[in-house]
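Here is a briefing on one protein chain. Look over the fold first, then the local details.

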Amino acid sequence: MGTEHPDSDHPDIDRTLLATYVEDHVAGATAVISRLERLSRVEEIGDMREPLGRLAAELREERATHMATARDLDLSLSRLKRVGAVLGEHVARLKPNGRLAGRSPMSLVLELEIVRSGLEGKRMGWVTLREHADALGLDVARLEHFITRSRDQADRVEHLAARARERAFAPHLGTTSADD
């Protein structure tokens with residue numbers, strides 16, 4: 001059952017499923033990048049803005065790598081899923097935050113948890129590709145680099161989330177600013 005094309009260079013890999021898998025990871029990365037780009041512009045989070053902006057840039061680079069890998073494997077990726085992911089991420093922002101106006105101090109905590117979950121999903125995507133690297137002709141060392149990088153990114157977000165959690169439920173602060 002593992003083949004879609006009998007003349008494929010990778011007969012043990014279902015290319016339709018592989019394309020869907022890579023496409024889903026590209027879409028997920030697009031949603032996380034959108035959230036990080038927005039967070040990096042939120043004044044109230046102070047000195048957390050810059051590391052979140054850097055992380056968005058790293059994820060854009062990795063998304064480009066996924067897309068290049070798809071091209072190298074002759075997989076067709078739909079732009080529609082990426083657009084849908086960004087729209088879904090925008091709709092998710094409309095949730096109530098416990099405040100009539102402005103950002104809730106817990107908003108940053110929840111957003112960093114979402115980002116952290118996305119980073120774990122991304123890491124597992126690289127792990128999956130590594131597991132099939134031989135069959136796909138992918139560079140194992142490069143995939144290991146991205147797996148390690150994903151762990152580092154998750155650790156950095158967790159550090160920021162710990163700072164945000166310290167402040168999130170403090171009634172006397174009423175802000176998520178890291179500068180207070």
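In what order do the elements of the protein chain run from the N terminus on? They run α-α-α-α-α-α. This is a predicted model: local features need pLDDT of at least 70, side-chain atom pairs count only at pLDDT 80 or more, and totals for chains, interfaces and linings use all residues. Residues are numbered from 1 along each chain as its sequence is written, and side-chain values use heavy atoms, with hydrogens and water left out.

**Fold and surface**
- The chain has six helices and zero strands; these are DSSP runs (helices H or I, at least four residues; strands E, at least two), numbered from the N terminus.
- Of its 180 residues, 44% count as buried (under 20% relative accessible area; exposed is over 50%, partly exposed in between; 1.4 Å probe, protein chains only).
- Among contacts (heavy atoms within 4.5 Å) with a separation of 6 or more, 71% join residues 24 or more positions apart.
- The accessible surface is about 9800 Å² (Shrake-Rupley method, 1.4 Å probe), and carbon and sulfur atoms hold 55% of that surface.

**Aromatic pair**
- The count is one aromatic pair (ring centres of Phe, Tyr and Trp, its six-membered ring, within 6.5 Å; planes under 30 degrees apart are stacked, over 60 edge-to-face, the rest tilted).
- W126 and F146 form this pair, stacked at 4.5 Å centre to centre with 15 degrees between the planes.
- The pair links distant parts of the chain: W126 sits in α4 (residues 107-131) and F146 in α6 (residues 140-168), 20 residues apart.
- Both W126 and F146 are buried.

**Backbone at D74**
- Most residues other than glycine have a negative phi.
- D74 is not a glycine, yet has a positive phi of about 60 degrees.
- D74 lies in the loop between α2 (49-72) and α3 (79-92).
- D74 is exposed, at 68% relative accessible area.
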